[in-house]
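Dear colleague,

Please find below the structure that I am handing over to you. My notes on what was found in it follow directly after.

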Amino acid sequence: MMQTCRCYGCMEIIHSYPCEKCAYDPEKVQLQEYILQPGTILKGQYLVGRVLGQGGFGITYIGFDLALQRKVAVKEYFPSSYAGRKTGTQNVHWFAAEQAELARSSGMEMFLKEARKMSRVNEIENVVHVLDLFQENNTAYIVMDFIEGETLKAGSSGRGLWSGRMPRNCFSR
């Protein structure tokens with residue numbers, strides 16, 4: 001597979017940091033100990049970059065599909081209340097509690113089920129397409145289209161494109 005130096009902030013080709021396109025500089029980013037390190041390669045195909053967002057049950061990273069040569073979003077199943085990761089490692093370790101075991105087995109299956117359901121509606125416009133799903137590192141991953149733009153949260157916060165005004169017809173269908 002062809003390997004090119006990519007910025008871990010925007011996945012554009014880069015020659016040095018800070019990135020000319022997005023200003024990402026890995027030396028100025030303080031990484032959380034539990035996230036995948038930028039530069040990690042999953043499934044031998046997906047280069048992982050910076051965190052795009054995270055919630056109680058997962059972490060979403062910008063990624064790059066080395067085979068198809070395109071940006072992707074990589075969502076990792078990581079219920080932070082029940083799992084952890086040692087700095088610099090890829091494997092998720094699950095806490096030794098009954099609820100953690102339930103989160104690992106049932107939660108991971110629900111995560112993968114969500115991906116399968118989403119893949120069935122790939123032809124619907126304005127729905128992010130699921131490109132791949134797999135299990136690795138004692139957890140699961142969903143690979144999706146990467147969509148450029150701002151989040152709904154940022155757009156409605158008063159600082160974004162909508163400046164706090166939600167278009168009335170945005171959710172009417």
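A search of the whole structure finds 0 disulfides, a disulfide being a pair of cysteine sulfur atoms within 2.5 Å. Cys7 takes part in no disulfide, and the nearest cysteine sulfur, that of Cys22, is 3.6 Å away. Cys7 counts as buried because its relative accessibility is 0%, whereas Cys5 counts as exposed because its value is 56%. Here buried means under 20% relative accessible area, exposed means over 50%, and partly exposed lies in between, with a 1.4 Å probe and protein chains only.

Two points on provenance should be kept in mind. This is a predicted model, in which local features need pLDDT of at least 70 and side-chain atom pairs count only at pLDDT 80 or more, while totals for chains, interfaces and linings use all residues. Residues are numbered from 1 along each chain as its sequence is written, and side-chain values use heavy atoms, with hydrogens and water left out.

Strands and sheet

Strands (E, at least two residues) and helices (H or I, at least four) are DSSP runs numbered from the N terminus, and two strands pair if DSSP finds at least two bridges between them. An open sheet of 6 strands has the order E1-E2-E3-E4-E8-E7, with antiparallel pairing. Its edge strands are E1 and E7 (130-136), each of which pairs on one side only.

E1 pairs with E2 (residues 46-54) in the antiparallel sense over 2 bridges, and Leu42 has Tyr46 in E2 as its bridge partner. The hairpin of E1 and E2 has 3 residues between the strands, and Lys43 there takes a positive phi near 55 degrees. E2 is in turn joined to E3 (residues 58-65) by 6 bridges, the two running antiparallel. Val51 stands opposite Tyr61 in E3, and a hairpin joins E2 to E3 through 3 residues.

Aromatic rings

Rings of Phe, Tyr and Trp (its six-membered ring) pair if their centres lie within 6.5 Å; planes under 30 degrees apart count as stacked, over 60 as edge-to-face and the rest as tilted. By this rule the count comes to 6 aromatic pairs. One of them, Tyr34 with Phe78, is stacked, at 5.7 Å centre to centre and 20 degrees between the planes. This pair links distant parts of the chain, 44 residues apart: Tyr34 is in the segment before E1 (41-42), and Phe78 is in the loop between E4 (70-77) and E5 (83-84). Phe78 counts as buried at 2% relative accessibility, while Tyr34 counts as partly exposed at 22%. Ring pairs also link Tyr46, Phe134 and Tyr141 into a cluster.
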